Amino acid sequence: MSGSESTTGGVFLVSVVGQIEKAHFPNYDNMYCKYTFVYGPDWEIVTGIEEGISQIAQKSQDERQQVVWNFPLDVSFKSTNPHGWPQLIISVYGLDTFGNDVVRGYGVCHLPTVNGQSSEEMIMFVPQSSSTLQKLTSWLTGKRPEYVDARLLARGDGREVTRVRSQGCVWIKFNVVFKDFHHYGFENENNS
């Protein structure tokens with residue numbers, strides 16, 4: 001095998017270890033998060049899991065009022081093509097005043113494209129009812145607007161007709177390692 005050939009059979013690897021650290025939703029308590037990775041057709045998970053759900057956590061009693069999960073992420077992908085770069089989708093849930101499990105926020109980000117450690121402050125959002133009647137109905141029934149499949153957030157089509165409102169923030173830490181990425185003419189040096 002020549003020095004320019006990939007040692008992994010024509011693919012490059014992206015390994016991500018990190019954690020969904022904490023969240024800030026000032027008006028809410030007792031929340032948990034779900035995550036899922038969405039990626040293109042040329043991508044495949046080699047190790048790790050595609051979806052996960054955290055424990056329920058209470059917000060801190062200090063002035064920061066943060067919910068701390070420190071929920072681990074550990075996944076490795078292989079691909080022959082950067083098209084469809086993996087995205088992380090996070091959904092945060094909690095109980096409303098009637099005891100119903102409702103969404104508190106959705107967020108999405110691409111996995112980092114550089115080696116090393118990085119942080120992401122993910123601004124969360126929730127879908128809004130499109131009419132006053134729907135707002136009243138959702139309040140009375142306890143069924144707030146939410147996405148049937150959060151993977152919709154990773155695609156561009158269909159999102160332009162969704163009304164949303166910003167609500168809350170989630171902090172994520174990533175540690176990323178690439179293997180054989182440079183064999184395809186890609187550079188991803190972290191020069192900071």
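**Around Ser-79**

Tutor: Ser-79 touches Val-11, Phe-12, Asp-42 and Trp-43, leaving aside residues up to four places away in sequence; a contact means heavy atoms within 4.5 Å. This is a predicted model, where local features need pLDDT of at least 70, side-chain atom pairs count only at pLDDT 80 or more, and totals for chains, interfaces and linings use all residues. Numbering runs from 1 along each chain as its sequence is written, and side-chain values use heavy atoms, with hydrogens and water left out.

Ser-79 belongs to strand β5, residues 67-79. Strands (E, at least two residues) and helices (H or I, at least four) are DSSP runs, numbered from the N terminus. Ser-79 is buried, at 1% relative accessible area. Buried means under 20%, exposed over 50%, partly exposed in between, with a 1.4 Å probe and protein chains only. The C-alpha atoms of Ser-79 and Gly-10 are 8.6 Å apart, although 69 residues separate them along the chain. The Ser-79 side chain also reaches the backbone oxygen of Asn-81 at 2.7 Å.

Two of the residues that Ser-79 touches are Phe-12 and Trp-43. The whole structure holds 13 aromatic pairs. Phe-12 and Trp-43 form one, edge-to-face, with 5.5 Å centre to centre and 85 degrees between the planes. Rings of Phe, Tyr and Trp (its six-membered ring) pair if their centres lie within 6.5 Å; planes under 30 degrees apart are stacked, over 60 edge-to-face, the rest tilted. Phe-12 sits in strand β1 (residues 12-24) and Trp-43 in the loop between β2 (31-38) and β3 (44-48), so the pair ties together parts 31 residues apart in sequence. Phe-12 is buried at 0% relative accessible area. Trp-43 is buried at 4%.

Next, Trp-85 and Phe-178. Their ring centres are 6.0 Å apart and their planes at 35 degrees, so this pair is tilted. Trp-85 lies in the loop between β5 and β6 (87-95), Phe-178 in strand β9 (residues 164-179), so parts 93 residues apart in sequence are tied together. Both Trp-85 and Phe-178 are buried.

Now the whole protein. Of its 192 residues, 40% count as buried. Among contacts with a separation of 6 or more, 75% come from residues 24 or more positions apart.

Note on methods. A polar contact is a pair of N or O atoms within 3.5 Å; within protein, one must be able to donate a hydrogen and the other to accept it, and residues adjacent in sequence count only if both atoms are side-chain atoms.
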